[in-house]
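Subject: Structure handover and findings

Hello,

Please find the structure below. My notes come after it, grouped by topic.

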Amino acid sequence: MRTRRGDATGADEPGRRRWRPVRRIDYPRRGRRGVRRWLPSWRQLLLVAGVGTVALTGWLAWFFVTTEVPDDLNSFATQQNNVYYWADGTEMARIGETNRQEVPLDRVPEPVRWAVLAAENETFYSDPGISATGIGRAVWQMVSGGETQGGSTITQQYVKNIYLNQRQSMDRKLSEAVIAIKLDDRMSKDDILAGYLDSSWFGRGSYGIQRAAAAYYGKDVSQLDPSEGALLAALLKGAGQYDPALGPENHKRAEERWSWILDRMVEIGKLSRAERARYTVFPEPKPQPKNPGLSGQVGYLVDMARAYVESHSDITPAQFDLGGHQIYTTFDKPKVTALAAAVQEATKGIDPDNREADRLLKVGAASVAPDGRIVALYGGPDYLKQGFNNANTTTVPLGSAFTPVVYAAGLDQGVQRERGGKRTPVTPTTPYNGDNGVNVLTPEGPYWGRDGKIVKTANDGKRNWGQVSLRSAVEQSVNGPMMQLGMDVGLDRVQKTAADLGLLPGSMGELVPAFGVGNSTPSAIRTADAYTAFAGGGKRTEPYSVSRITRNGSPLDLRLPTPVQALPAAVAGEVDAALKGAVRSGSSTWAAEAGPDLAAKPGTTADRTAGWSVGYSGQLATAVTVFRADLRDLKLLPLEGLGGAASDTPDSALPSRIWTTYMKAVGGR
């Protein structure tokens, strides 16, 4: 009889090969109970680890062999202009070409080279082209979901520069490391350093240290001293954060890193202490010249569009400066022109040379469509003369133009006048004391200010209105009831409503009684956008200035906002009714000449440092602000007597004229 495989008898017969059954993996483990049955043995763990190690090693070896070093590492993408377009597709501006110029390494002073190495990779001349600890840290951060970190050597950064790929992904990081190792074997360290210095982005449209020396110091790279070299080295960490000309915070960061780099050069023996002692004054770079094509309002529009692209796409500033992008903005040329003309017409009587009250006057304005498109703005008289964008400032209090937000919060959330008591609803007809100088109350009693006095309401002109309904307080711009309503609703709840309407946290005022009458400082853009919710049944969309972007005709990803329901539709409808009532017979009758069915609200402050006019048609919300300030410190000055007006003229008079002239010109569309 034929013996079956594995039969014990057959296995013992002479001449037959002995067969033993294949031993199966003992998992789950027999003879164990409970949790121990599912715990692998140390042999099983070693087996899995061994197989994993072999597989990983094999994959890494395959990846290393198949990853090629590009034939021409020094080739850049074709450098072109970035072209900006108006909303109708016609060209708005064509912004210059990339500044790039190669320079031999021996033209770069040795201390300047070491400033870069001290800042970025002091072991450059001894490392194999990669940093194992740096890669490990970066990989761990990516795997663990933490913030990505560079940890790259100069060689790795050079590879990344050439590829123009700043994505923090595992495959890009591994490719970068492999190419860096191969490149380090093929090229001398000096050649790699020269390539890195020639390909790095230093801001101001400059690629390469030669163009950076010209852009920041107006000199050839060979003329740089160690102090200037240290600042250029600081820029490699991110010119948008370290160009000192871009603002006080940038200046502080740049100065701290500049000093640190010089100290590091001393520590690694590349700068003597005596020479370091010579460099104690920060080497201020020269101002950045502005493109003549950015004159008038165009520069403000281009700045805003570029900022939107950089914050809502994966395009880095360095990539953007290489050019080739087509940026399609939301700006409507006829409306931009009409807004600038309205400002010019309304300010004809301003005479800063002969009237002190007219000096340092600033005007900012913005129009936003219901879907969040910024269709027009007025940033200042001329971008080439004043780069500061008045339409986007967050230093000017909104004043009584904020009270519709308080009204909306009250209608939506009700009030709580007793500590621990129930919240009770309020309606447009709920009466409030409209007299001037009324004590502001909390659930515990009067509100005491820091000066040790009870805070009191303050109406425009100190007028006493008696008992008024909340709707009438909005229509007639009676501030006292709005201040008290804010306290009754709860200032934190009013703040939440303001945030839902798009006011940014950094622009929110202190939560004191003045919060209810506009100590917050939103920009004209944000204010106009918030008012679109009153016209749109409570819906609003984050303001945006670019609708799409392409590079050489190919679409690029751009994150666009989506509508949100900021307020219940019924609440928005009541605010809308009050603002339209203000135009018919209240504090905004000046707006009626701009067209039918308009809604508007003037804005003034108790200290008379800001004037506003905010309102909308069904298709367009516009906010206009005027203030006086020295842009060096942004300290606000009083508006009393502006344009030679009588002292009792409301500070909202000038922005109201601008608003009306503009809305009349564009027909509210």
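What follows is a short tour, from the whole chain down to single residues.

First, the ground rules. This is a predicted model, in which local features need pLDDT of at least 70 and side-chain atom pairs count only at pLDDT 80 or more, while totals for chains, interfaces and linings use all residues. Residues are numbered from 1 along each chain as its sequence is written, and side-chain values use heavy atoms, with hydrogens and water left out.

Overall picture

The protein has 22 helices and 20 strands. These are DSSP runs numbered from the N terminus: helices are H or I with at least four residues, strands are E with at least two. Of the 669 residues, 50% are buried. Buried means under 20% relative accessible area, exposed means over 50%, and partly exposed lies in between (1.4 Å probe, protein chains only). The accessible surface is about 32,100 Å², and carbon and sulfur atoms account for 52% of that. Areas come from the Shrake-Rupley method with a 1.4 Å probe; for residues, only the protein chains shown count as cover. Take the contacts (heavy atoms within 4.5 Å) between residues at least 6 apart in sequence: 68% of them join residues at least 24 apart.

Aromatic rings

Rings of Phe, Tyr and Trp (its six-membered ring) pair if their centres lie within 6.5 Å; planes under 30 degrees apart count as stacked, over 60 as edge-to-face and the rest as tilted. That rule gives nine aromatic pairs. One is Y85 with Y328: the ring centres are 4.7 Å apart and the planes are at 10°, so this pair is stacked. Y300 belongs to helix α13 (residues 298-311), and Y383 to the loop between β8 (374-378) and α16 (403-413), so the pair ties together parts 83 residues apart in sequence. Y300 and Y383 are buried too. Elsewhere, W114, F124 and Y125 make up one aromatic cluster.

Charges over rings

A charge sits over a ring if NZ of Lys or CZ of Arg is within 6 Å of the ring centre and within 35 degrees of the ring normal. R463 has its charged end over the ring of W465, 3.6 Å from the centre. R276 has its charged end over the ring of W258, 6.0 Å from the centre.

The second largest pocket

On a 1 Å grid over the protein atoms alone, a pocket is an open set of points with protein on both sides within 12 Å along at least five of seven lines, where a 1.4 Å probe fits; lining residues have an atom within 4 Å of a point. Grid points are joined across faces, edges and corners, and the volume is the space filled by probe spheres set on the points. The second largest pocket holds about 1,100 Å³. Its lining has 44 residues, and D460, N479, T604, T605 and A606 lie nearest its centre. Elements that give two or more residues to this lining are α18 (479-489), β17 (599-604) and α22 (653-666). β17 gives the most, with three residues.

A514 lies in the loop between α19 (491-500) and α20 (524-535). Its relative accessibility is 31%, so A514 counts as partly exposed. Leaving aside neighbours within four places in sequence, A514 is in contact with M483 and N519. The C-alpha atoms of A514 and A606 are 9.3 Å apart, across 92 residues of chain.

N121 is in the loop between α3 (110-120) and α4 (132-144). At 7% relative accessibility, N121 counts as buried. Not counting residues up to four places away in sequence, N121 touches V116, D127, T153 and I154.

An enclosed helix

Nine of the eleven residues of helix α7 (residues 189-199) are buried, so α7 is largely enclosed by the rest of the structure. Among the buried ones are K189, Y196 and D198.

Positive phi

Most residues other than glycine have a negative phi. K462 has phi near 55°, a positive value in a residue other than glycine. K462 is in the loop between β11 (445-446) and β12 (467-469), and at 66% relative accessibility K462 counts as exposed. D597 is not a glycine either, yet has a positive phi of about 60°. D597 lies in the loop between α21 (569-585) and β17, and at 55% relative accessibility D597 counts as exposed.

Best wishes
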